[in-house]
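Here is a short briefing to read alongside the sequence and the model.

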Amino acid sequence: MSNHWSEYWRQGHTTSFGDALSGNYEGILQSVWEPTFSSLQTDFVAVDVGSGNGSVPLLLRESLSNSAKVGKVYGVDLAEVQLSENTKSENSTIEIELISNTACETLPFENESIDLYMSQFGFEYSSIESSLKEASRVLKRDGQFSIVFHHGNSMILNRNKKILRLIELPQASDLVEYLREIAIAMGSMTSANDIARIKQDPKCESIRVKINQAIKDLVNYDELSAQDSQLMMFIAQFFKEGIFWPLAKKQQFIEFIKLQMDTLKLRLTELVNASFDEDKLARFIGIFKQNLLEINEIKVLKNEQKEILGWYLDARKIENCEV
Ligand SMILES: C[S@@+](CC[C@H](N)C(=O)[O-])C[C@H]1O[C@@H](n2cnc3c(N)ncnc32)[C@H](O)[C@@H]1O
């Protein structure tokens, strides 16, 4: 089970882009799926692997909402995932079922039972050789294999590598440690008098100076990433909203910040390792034929500003071919 992803999906995000993308995918990361969705025949069965909280199944349902097509789309994820409340009860001819705690290396589907196997920023996190073999097993003959996956030089990777570098700095973990120290040093805080008291307190003052210095270092290092990491927002929340919280609540919040930073670090490290450069792509392409998959198209997806968003690969299951 993937605990850090479960923790992330429990917060109710629809995509893996967190607060940077409040709704579902849009732009090219939505439109790239349109031809695939519209070519599905009624009574189709589709599976989205590494589905998270169902962003791609939801795009599929929305895309076919005005058609009479009936179908089922499974979202499979190693983590604990769930459709958010506001997307659950819609009346639709397309049924979505998310299956948690399930690896795409061993799918719970019969041989040759799936019309469309897809993934957006999910497949590449798995053991790709086993997952490709498994995709081929479950796909019907002529079934479609279509994935969007991380490009090592995309704007997504470049931005997240910077955030990772920032939260790996000692100042980032020191900050959490200083919050722990100051929470204890402040003692009980109930009124403005306590604010005056801690300002006079040499211990609180020395920790406050260390906190300010760590913030300054991080912001000077990379202001945008410091904001993107949400660490600054958490610190501000601690001193604004949290200043009069009882010690136990302050400590709970600090543990929450620590968990957020640790899970972010894990997610971003996985992201970097999962991404594909051209050499890795070439090796990947090399194992399609032996899995009875014939590639139709590989392209780099770019946004309107011509920035790279990821790779797109489309293939079909064939009966047999020369290996
Ligand atoms: C970056 S998220 C993408 C989620 C979603 N497709 C999206 O675009 O919002 C990657 C997901 O892949 C899942 N994952 C990682 N390894 C997996 C595996 N071997 N089998 C199934 N899911 C996996 C993670 O738990 C995580 O939810």
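The notes below go from the overall picture to single residues.

This is a predicted model, in which local features need pLDDT of at least 70, side-chain atom pairs count only at pLDDT 80 or more, and totals for chains, interfaces and linings use all residues. Residues are numbered from 1 along each chain as its sequence is written, and side-chain values use heavy atoms, with hydrogens and water left out.

**Overall picture**

- The protein has 13 helices and 7 strands; helices (H or I, at least four residues) and strands (E, at least two) are DSSP runs, numbered from the N terminus.
- The C-alpha trace spans about 80 × 45 × 35 Å along its principal axes.
- Of the 323 residues, 48% count as buried; buried means under 20% relative accessible area, exposed means over 50%, and partly exposed is in between (1.4 Å probe, protein chains only).
- Among contacts with a separation of 6 or more, 74% come from residues 24 or more positions apart, where contact means heavy atoms within 4.5 Å.

**The sheet**

- In what order do the 7 strands of the open sheet run? The order is S3-S2-S1-S4-S5-S7-S6, and the pairing is mixed; two strands pair if DSSP finds at least two bridges between them.
- Strand S3 (94-99) and strand S6 (293-302) are the edge strands, each pairing on one side only.
- From one strand to the next, the twist averages 15 degrees.
- Strand S4 (residues 114-120) and strand S5 (residues 139-149) run parallel and are joined by 6 bridges.
- Ser-119 stands opposite Ile-147 in S5.

**Helices H11 and H12**

- Two packed helices are described by the angle between their axes and the distance between the axes.
- Helix H11 (residues 231-240) and helix H12 (residues 247-274) have axes that come within 11 Å and cross at roughly 180 degrees. That makes H11 roughly antiparallel to H12.
- For these values, axes are lines fitted to C-alpha atoms, for helices over the stretch in contact, and angles run from 0 to 180 degrees between N-to-C directions. Angles under 35 degrees count as roughly parallel, over 145 as roughly antiparallel, 65 to 115 as roughly perpendicular and the rest as oblique.
- H11 makes the contact through Leu-231, Phe-234, Gln-237 and Phe-238, while H12 brings Lys-250, Phe-253, Ile-254, Phe-256, Ile-257, Gln-260 and Met-261.
- These contact residues divide into 8 nonpolar, 2 polar and 1 charged. Here Ala, Val, Leu, Ile, Met, Phe, Trp, Tyr, Cys and Pro count as nonpolar, Asp, Glu, Lys and Arg as charged, and the others, Gly among them, as polar.
- Thr-263 has its place in H12 and counts as buried at 5% relative accessibility. Leaving aside its neighbours within four places in sequence, Thr-263 is in contact with His-4 and Glu-7.

**Aromatic residues**

- How many aromatic pairs does a search of the whole structure find? The search finds 22; rings of Phe, Tyr and Trp (its six-membered ring) pair if their centres lie within 6.5 Å, and planes under 30 degrees apart count as stacked, over 60 as edge-to-face and the rest as tilted.
- Trp-5 and Tyr-125 form an edge-to-face pair, 6.1 Å centre to centre with 85 degrees between the planes. Trp-5 lies in helix H1 (residues 3-10) and Tyr-125 in the loop between S4 and helix H6 (128-138), so the pair ties together parts that are 120 residues apart in sequence.
- Trp-5 is buried, at a relative accessible area of 13%, whereas Tyr-125 is partly exposed at 29%.
- Tyr-8 and Trp-9 also form an edge-to-face pair, 4.9 Å centre to centre and 80 degrees between the planes. Both Tyr-8 and Trp-9 are buried.
- One aromatic cluster is formed by Tyr-117, Phe-123, Phe-145, Phe-149, Phe-276, Phe-284 and Phe-288.

**Loop residues to look up**

- Phe-121 lies in the loop between S4 and H6. Although not a glycine, Phe-121 has a positive phi of about 55 degrees, and it is buried, with a relative accessible area of 6%.
- Lys-306 sits in the loop between S6 and strand S7 (308-317). Lys-306 has a positive phi of about 70 degrees without being a glycine, and it is exposed, with a relative accessible area of 64%.
- Ser-191, in the loop between helix H8 (170-186) and helix H9 (192-200), is partly exposed, with a relative accessible area of 28%.
- Ser-191 and Phe-244 are 53 residues apart in sequence and 7.5 Å apart in space, C-alpha to C-alpha.
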